[in-house]
Amino acid sequence: MASKKTGIDKSGAQGYARRMNASEKALQYFHQGFNCAQSVFAALADQVGMSERDALLFASAFGAGLGRMRGTCGAFSGLCLVAGYRHGNLSGDPADKEHIFSLTRQLADDFRREFGTLTCRELLHLDEEMESSARPSERSAAYYEARPCERCVTFCAERAQRLLDT
């Protein structure tokens, strides 16, 4: 609704602020050392009726391309958890499943358009073989500078917030 004094649509500004808050909160989690999936999902935990603790636990295995195997981007997995919460199926009806699968494919297309791939290994320009260690990389300024992960986390948190706002 536009303010009579300024003519600015404050509801749109507030909606935008909520999205910014989700992405900022996701980045805060990421900078605290949580993985990409945890960062996206936990940033929206309160909006999906989950405690921060449970959201962090629930999403913990999805980071670094699922258990640091460098498959599907963990930030995208966090987004899909929110998509499932908001638009997922509660029956075995093929039409219900088709709805969430179609949405997931659209989200994947959007992610690929932005980043070129959905695969963590390719996003990080790593060799084709899976890394042999499950040990996460040490976080440093160089770590953040060399990776697109912050952008992926922000992108996915913003998209997740939009799903919850619709």
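Modeller: Buried means under 20% relative accessible area, exposed over 50%, and partly exposed in between. Keep that in mind for this structure, which is a predicted model.

Colleague: Is phenylalanine 58 buried, partly exposed or exposed, and why?

Modeller: Phenylalanine 58 has a relative accessible area of 48%, so it counts as partly exposed. Phenylalanine 41, in contrast, is buried, at 3%.

Colleague: How confident is the predictor in this chain?

Modeller: The average pLDDT of the protein chain is 88, and 86% of the residues score at least 70. Over residues 1-20 the pLDDT stays under 50, and the model has 17 contacts beyond four places in sequence for that stretch.

Colleague: How is a pair of aromatic rings described?

Modeller: By the distance of the centres and the angle of the planes. In this model the count comes to 8 aromatic pairs. One of them joins phenylalanine 41 and phenylalanine 58: the ring centres are 5.8 Å apart and the planes stand at 35 degrees, so the pair is tilted.

Colleague: Which parts does that pair tie together?

Modeller: Phenylalanine 41 belongs to helix α2 (residues 36-43) and phenylalanine 58 to helix α3, so the pair ties together parts that are 17 residues apart in sequence. Phenylalanine 111 and phenylalanine 115 form another tilted pair, with 4.7 Å centre to centre and 40 degrees between the planes.

Colleague: What separates phenylalanine 111 and phenylalanine 115 along helix α5?

Modeller: About one helical turn, because they are 4 residues apart in helix α5 (residues 94-115). Phenylalanine 111 is buried, with a relative accessible area of 0%, and phenylalanine 115 is buried at 14%. Ring pairs also link these two with Phe76 and Phe155 into a cluster.

Colleague: Where does the charged end of arginine 159 sit?

Modeller: Over the ring of phenylalanine 155, 3.8 Å from its centre. Elsewhere, arginine 139 lies over the face of phenylalanine 30, at 4.3 Å from the ring centre.

Colleague: What does alanine 59 touch, leaving out residues up to four places away in sequence?

Modeller: Alanine 59 touches Asn35, Ala37, Gln38, Phe41 and Leu81. This alanine lies in helix α3 (residues 52-59) and is buried, with a relative accessible area of 0%. From alanine 59 to alanine 75 the C-alpha distance is 9.9 Å, and the two are 16 residues apart in sequence.

Colleague: How many residues of helix α8 are buried?

Modeller: Helix α8 is mostly covered, with 13 of its 17 residues buried. Spanning residues 149-165, α8 reaches 24 Å from its first C-alpha to its last, close to the 24 Å expected at 1.5 Å a residue.

Definitions and conventions. Residues numbered from 1 in each chain as written. Predicted model: local features only at pLDDT ≥ 70, side-chain atom pairs only at ≥ 80, totals over all residues. Heavy atoms only, no water. Helix = DSSP H or I, 4+ residues; strand = E, 2+ residues; numbered from the N terminus. Buried < 20%, exposed > 50% of the residue type's maximum accessible area, 1.4 Å probe, protein only. Contact = heavy atoms within 4.5 Å. Expected span 1.5 Å × (residues − 1). pLDDT = per-residue confidence, 0-100. Phe/Tyr/Trp six-rings, centres within 6.5 Å; stacked < 30°, edge-to-face > 60°. Lys NZ or Arg CZ within 6 Å of the ring centre and 35° of its normal.
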